[in-house]
Amino acid sequence: MLGIIFTELIEGENVKLSTKGRYGLRAIVDLAKYSENEPVSIGSIAERQDISERYLEQLMAKLKKADLVKSIRGAGGGYVLAKAAEDISAGDVLRALEGDLEPAECLAYHEGGCEASGTCVTKYVWKQINEKINETVDGIKLSTLVEESKKVNCEEEKTIKACSNNAK
């Protein structure tokens with residue numbers, strides 16, 4: 001059920017996640033996948049993910065500020081993860097790019113509250129949804145997304161042998 005709620009939040013008319021979150025998550029998964037041996041250039045990520053280099057530079061600056069990626073200068077430079085992929089969650093990335101992930105701005109369950117906080121029961125709905133969203137995205141590690149990405153690529157290649165060779 002939470003998957004349905006989260007999908008609707010992302011794809012619905014009242015979209016909470018902008019292209020910053022969606023493209024940024026794709027970009028950091030790409031980076032994690034391809035930076036195991038050497039830094040990855042903005043241009044190569046942009047090409048593989050079909051994202052503008054200028055926009056990707058802005059996203060990487062936010063990810064760098066959040067200490068999720070590091071930039072390497074000079075010939076052969078580019079970007080690498082600032083920590084292991086298993087130590088970065090989708091929640092870390094989304095919050096670095098989007099800020100707070102709350103689906104509704106309800107002051108009732110924040111310090112200070114709002115004028116209706118004493119009688120408002122819907123605050124419990126927003127609080128539960130917020131907690132579940134954060135629990136979900138914090139539980140999804142970048143390493144898991146990289147593995148899923150490799151599986152998807154193998155399915156595209158449509159041969160078991162190609163998948164076996166790529167996994168080695």
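In this predicted model, D30 is buried, with a relative accessible area of 3%. Its salt-bridge partner is R48, and the closest N and O atoms of the pair are 2.7 Å apart. Because D30 belongs to helix 2 (residues 19-34) and R48 to helix 3 (residues 42-49), the pair ties together parts that are 18 residues apart in sequence. R48 counts as partly exposed, at 35% relative accessibility.

The structure holds five salt bridges. Another of them joins the side chains of E36 and K150, at 3.9 Å from N to O. E36 lies in the loop between helix 2 and helix 3 and K150 in helix 7 (residues 142-157), so this pair links parts 114 residues apart in sequence. E36 is exposed at 56% relative accessibility, whereas K150 is partly exposed at 28%. R95 forms a salt bridge with D138, with 2.4 Å between the closest N and O atoms. R95 is in helix 5 and D138 in helix 6 (residues 123-139), so parts 43 residues apart in sequence are tied together. Both residues count as partly exposed, R95 at 30% and D138 at 29%. Shared partners join E36, E147 and K150 into one salt-bridge network.

D138 is also among the residues touched by S89, together with V137, I140 and K141. S89 lies in the loop between strand 2 (78-81) and helix 5 and is buried, at 3% relative accessibility.

Helix 5 (residues 90-98) packs against helix 4 (residues 53-65) at an angle of about 115 degrees, with the axes 9 Å apart; the two helices are therefore roughly perpendicular. Their crossing is right-handed. L59, K62 and L63 of helix 4 and V93, A96 and L97 of helix 5 make the contact, which comprises five nonpolar residues, one charged residue and no polar ones.

Note on methods: Residues are numbered from 1 along each chain as its sequence is written. This is a predicted model: local features need pLDDT of at least 70, side-chain atom pairs count only at pLDDT 80 or more; totals for chains, interfaces and linings use all residues. Side-chain values use heavy atoms; hydrogens and water are left out. Axes are lines fitted to C-alpha atoms, for helices over the stretch in contact, and angles run from 0 to 180 degrees between N-to-C directions. Helices (H or I, at least four residues) and strands (E, at least two) are DSSP runs, numbered from the N terminus. Angles under 35 degrees count as roughly parallel, over 145 as roughly antiparallel, 65 to 115 as roughly perpendicular and the rest as oblique. A crossing is left-handed if the near helix is turned anticlockwise from the far one by less than a right angle, and right-handed if clockwise. Contact means heavy atoms within 4.5 Å. Ala, Val, Leu, Ile, Met, Phe, Trp, Tyr, Cys and Pro count as nonpolar, Asp, Glu, Lys and Arg as charged, and the others, Gly among them, as polar. Buried means under 20% relative accessible area, exposed over 50%, partly exposed in between (1.4 Å probe, protein chains only). A salt bridge is a side-chain nitrogen of Lys or Arg within 4 Å of a carboxyl oxygen of Asp or Glu. Lists of a residue's contacts leave out its neighbours within four places in sequence.
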